[in-house]
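This report describes the arrangement of helices and strands in one structure and the surroundings of its ligand. Please keep the sequence and the structure at hand while reading.

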Amino acid sequence: MQLKIALLGGDGIGPEVLAQSVKCLKAIEETFNHSFEYVEASVGAVAISNTGKPLPDATLKLCREADAILFGAIGSLEYDNNPDAQVRPEQGLLGLRKELGLFANIRPVKMFDSLIANSPLKEHIVRGTDLVIFRELTGGIYFGKKSISEDGTRASDVCEYTEDEIGRVTHLAFKAAKKRRKKLTLVDKANVLESSRLWRKTVSEIAKSYPDVELQTMFIDNAAVQMMMNPTQFDVILTDNMFGDILSDQGSVIIGSVGLLPSASIGRENAMFEPFHGSYPQAKGKNIANPVASILSTAMLLQHYGLNEEANAIVSAVNESFIKKVVTLDVLGSSKYGTDYVGDFISEHIVD
Ligand code: GGG
């Protein structure tokens, strides 16, 4: 298969982890006789420095033309420490999602049996955790009207949703639940928020078209507790943009490290794949970042194109790295292996 893949490393550790994904893609090309074309573009703080824009027009054009986008991470301390900055790196990522209509963010939280025995978090890791979060990605409070009063003492962010926005991600989540354990949990705050009540009404209506899937509703505060206490009760979780952002990072604790979790952002025309984690600027250039989240996002990319054998070859190579304890320090608490070494190990263990 021929694929044109846009590579957007972004900020902090983004380019370092993305480089490991590219090693794996090259191993897949060679092992399975595919031909991938790679095109690089800038986004985030790096792009602001070079062009003044977090999402330059050339980057957007390239992403529209590509078959898929591999994204690293976004965010920079320079901006985190400057709340007054009007142009911010995160606008690059949010802009991409909006411009490309990437309305569904799919975040699997699956425990790795091969890792559990070695992890310093083994007492917290719950065996059998295997859930997937469907986070609505182009609506809600992240994209609602924002305002700040002239004297800077009052600010607001509006959380707005339409039935259509809720409906399209809901259908994807139900279709996924049908292929899994047939349980969907809608997470909201319908006892307080009007937008959550629209979610409940719309999702309950759509549920009638999926009679074999059990629909459950849960308030976000309870869901946060339940996820820590008993994560195996969840199969598919469906939720809005902000609740999904928070809940999925929380999910990473259950499996050992945020550096292990991949995601896919799907639209009608485009698809983007990126690790859960952010840019971790403190680790930039130190060769300590975990490349597994980015590498597993690459497996999700291949799966999206029906290359299931190829995706499985990547997952098997990652498992092999866990078994051999070739992992970065976030997983074991200490490690002699860096980002590059782990990337080399995984790409060299990709076999047909
Ligand atoms: N790779 C994910 C990433 O860079 N996240 C940083 C971030 O600012 N995320 C905001 C969001 O996911 O809404």
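## Helices α12 and α14

In this predicted model, helix α12 (residues 308–323) and helix α14 (residues 339–348) have axes that come within 8 Å and cross at roughly 125°. The crossing of α12 past α14 is right-handed.

On the α12 side, the contact is formed by A317, V318 and S321, and on the α14 side by V342, F345 and I346. Sorted by class, this contact of α12 with α14 comprises 5 nonpolar residues, 1 polar residue and no charged residues.

## Helices α1 and α11

Helix α1 (residues 14–32) and helix α11 (residues 292–304) form another pair, with axes that come within 8 Å and cross at roughly 45°. The arrangement of α1 is therefore oblique to α11. Here, α1 passes α11 in a right-handed crossing.

From α1, the residues V17, L18, Q20, S21, C24, L25 and I28 take part, meeting S294, I295, T298 and L302 of α11. The contact of α1 with α11 has 7 nonpolar and 4 polar residues, and no charged ones.

## The sheet

The model contains an open sheet of 10 strands with mixed pairing, in the order β2-β1-β3-β12-β11-β4-β5-β10-β8-β9. At its edges stand β2 (35–40) and β9 (214–219); each has a single partner strand, so one side of each is left without a neighbour in the sheet. On average, neighbouring strands of this sheet are turned by 25° against each other, direction ignored.

Within the sheet, β1 (residues 2–10) pairs with β3 (residues 68–73) in the parallel sense, over 5 bridges. In this region, A6 stands opposite I69 of β3. At the β9 edge, helix α9 (residues 220–229) lies across β8 (183–188) and β9, and runs at about 105° to β9.

## The ligand shell

Which residues surround the ligand? The shell consists of A73, I74, G75, E90, L93, D245, E274, P275, H277, G278 and S279. By class, these residues divide into 4 nonpolar, 4 polar and 3 charged.

Two elements, α5 (90–100) and β12 (271–275), each supply at least two residues of the shell around the ligand. Strand β12 also belongs to the open sheet, where β12 stands between β3 and β11 in the strand order.

Note on methods: Residues numbered from 1 in each chain as written. Predicted model: local features only at pLDDT ≥ 70, side-chain atom pairs only at ≥ 80, totals over all residues. Near = placed C-beta within 6 Å. Helix = DSSP H or I, 4+ residues; strand = E, 2+ residues; numbered from the N terminus. Nonpolar A, V, L, I, M, F, W, Y, C, P; charged D, E, K, R; others polar. Pairing = 2+ DSSP bridges. Axes fitted to C-alpha atoms, helices over the stretch in contact; angles between N-to-C directions. Contact = placed C-beta atoms within 7 Å. Left-handed = near helix turned anticlockwise from the far one by under 90°. Parallel < 35°, antiparallel > 145°, perpendicular 65-115°, else oblique.
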